[in-house]
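User: I would like to go through this structure with you. Could we begin with how much of the chain is covered?
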Amino acid sequence: MAPPASKPCAVCGRAITWRKKWARDWEEVRYCSDACRGKRTQARDSPLEALILELLA
């Protein structure tokens, strides 16, 4: 089975391209960089995101 070509970063949405060194743990790769890993979403972000989406609708 071939690995997916890319998937989005959990923080910024940038495409993360599959690399051979990630072959064993591709499912756990979530961030495109150390900067995004440091800015990962917090529990307090969900209600704020919901409010923003409600206001935009």
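User: What share of the residues counts as buried?
Analyst: In this predicted model, 14% of the 57 residues of the protein count as buried.

User: And helix α2, how many buried residues does it have?
Analyst: Zero: none of the twelve residues of α2 is buried, and the helix is hardly covered.

User: What distance separates the end C-alpha atoms of α2, and what span should one expect?
Analyst: Helix α2 covers residues 45–56, and at 1.5 Å a residue its twelve residues should span 16 Å. The end C-alpha atoms are 17 Å apart, which agrees with that expectation.

User: Stepping back, which elements are there, and in what order do they run?
Analyst: The protein has two helices and two strands. From the N terminus on, the order is β-β-α-α. The radius of gyration is 14 Å, whereas the globule rule gives 10 Å for 57 residues, so the protein is more spread out than a compact globule.

User: What box do the C-alpha atoms fill?
Analyst: Along the principal axes, the box is roughly 40 × 25 × 15 Å.

User: Which percentage of the contacts joins residues at least 24 apart?
Analyst: Among contacts between residues at least 6 apart in sequence, the share is 11%.

Notes. Residues are numbered from 1 along each chain as its sequence is written. This is a predicted model: local features need pLDDT of at least 70, side-chain atom pairs count only at pLDDT 80 or more; totals for chains, interfaces and linings use all residues. Side-chain values use heavy atoms; hydrogens and water are left out. Helices (H or I, at least four residues) and strands (E, at least two) are DSSP runs, numbered from the N terminus. The radius of gyration is taken over C-alpha atoms; the globule rule is 2.2 Å times the number of residues to the power 0.38. Buried means under 20% relative accessible area, exposed over 50%, partly exposed in between (1.4 Å probe, protein chains only). Contact means heavy atoms within 4.5 Å. The expected span of a helix is 1.5 Å times one less than its number of residues.
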